[in-house]
Amino acid sequence: MPNPSVLTALARSFLAGETTIEGIVRRAGTTLGRNWRWLRPLARRYVEAVAGETRLRQRDIIQFIVSDPGFQRAWSKYSDDLHVARWINDPQPMQPVAAAAEWDVPPIESIGALADWFNVAPDALLWFADLKGHAYKTKVPRLGHYHYRVLTKKSGAIRLIEVPKPRLKELQRQILAHIIDKIPPHSSAHGFVKSRSVKTFLLPHVGQRAVLKMDLQNFFPSIPGARIQTIFRMLGYPESVADLLGGICTNAVPRHVWNAASSDADRPHVQEACLLHTRPHLPQGAPTSPALANICAYRMDCRLTGLARSAGAEYTRYADDLAFSGGEAFERGVERFSAHVAAVLLEEGFSVNHRKTRIMRQGVRQRLAGLVANERINVMRTDFDQLKATLHNCVRLGAQSQNRTAHPRFRAHLDGRIGWVESVNPAKGQRLRMIFDKIDWK
């Protein structure tokens, strides 16, 4: 087995920012105190192996060196003479992949530089990133970085809302504004994207003969922390910086949180949710999670867009809602098409909630994201009638008589619901607004 210190020193020299064979050989020769003849072929094979790849971790480079036949022969021949002459501890410069080279992200090349960028102490930065999982192990909620809310769905399934505490949320918003928002989303992604909305999500599917709706299961928690760290390495950040940025944007839920699950929750669902959330994942409730989820789904969106085009169909996605639509040819093969979609999702690390899969032809109501898309985008008739009845009762009986869930800002709640209708159907929204203006809020 090669000397671990030699391997680590070689890996650091390969990561030191030189991307040419000559530069890598020069740094490696300085590290080993001699320009060994076998270094140039090893550097050439390394450059060829990593061309166009996301920035590797140090352990991956060590594995490459150990498994390289040329290095194995050199070690067996010169092991007594190989030693570390000089450790390279210089900050590692940015090394983005080709697609990310033009994105205007801030260059951060060390842990100290990252702490300065956040304006926090390095120790505080390590505490917020929590790469060792101390918050996961603690049983004291005030020592954690999140507030938790366990919700039980009608089916008995569990949804966990993870709300970051103010200081961590501030760091996440800084990452979102200055790094994540610089990454362009896929054209098929419409959720949590500027200048796009649920209306742009529905628009390609209006008036189609057949609409296929599919739902991703556990969208946010199914994205592991390692995948988020890879995104930041793709942007060019050194491994130490990328790991900390990924740690700030992900979370592992302490087991004691699941004690708060209500008694009517299905225990198998609680156990499933516990297993899913106890590993580092994207938390549903962090400001960075929606945009990061869109980035993680980029390749999936590319594949599904190509699959839809091959079937003569349109594809859009709004968070975990997937929609496909097309004409007569698509309608004939839609069942087989849905099986291909499920296979692509599985290969990309996602899974389908098959109970929510719907094939909607023109003869039925084609519902997507709570709206109707048969002939034009419109609100659901039942939703409109229910909101209208609530407003009428507020006028007749008083607003508090209709606040059955004790909503702390009931007026703003109704105002928001009316605004949603106005954005979809201005005429219907205006009718609701006229009733709303008659309510006596005193």
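Strand β7 and strand β8 (residues 371–372) run antiparallel and are joined by two bridges. Strands here are DSSP E runs of at least two residues, and helices are H or I runs of at least four, numbered from the N terminus. Within this pair, Arg367 has Val372 of β8 as its bridge partner. Two strands count as paired if DSSP finds at least two bridges between them.

The open sheet has three strands in the order β7-β8-β9, with antiparallel pairing. Its edge strands, β7 (367–368) and β9 (378–379), each pair on one side only.

A word on the source. This is a predicted model, where local features need pLDDT of at least 70 and side-chain atom pairs count only at pLDDT 80 or more, while totals for chains, interfaces and linings use all residues. Residues are numbered from 1 along each chain as its sequence is written, and side-chain values use heavy atoms, with hydrogens and water left out.

Now the helices. The axes of α18 (residues 381–397) and α20 (residues 426–436) come within 9 Å and cross at roughly 20°. Axes are lines fitted to C-alpha atoms, for helices over the stretch in contact, with angles from 0 to 180 degrees between N-to-C directions. α18 and α20 are therefore roughly parallel, a label for angles under 35 degrees; 65 to 115 is roughly perpendicular, over 145 roughly antiparallel, and the rest oblique.

The other pair is α11 (residues 225–234) and α14 (residues 289–296), with axes within 11 Å, crossing at roughly 80°. These two are therefore roughly perpendicular. Their contact (heavy atoms within 4.5 Å) involves Arg227, Ile228 and Ile231 of α11, and Leu292, Ile295 and Cys296 of α14.
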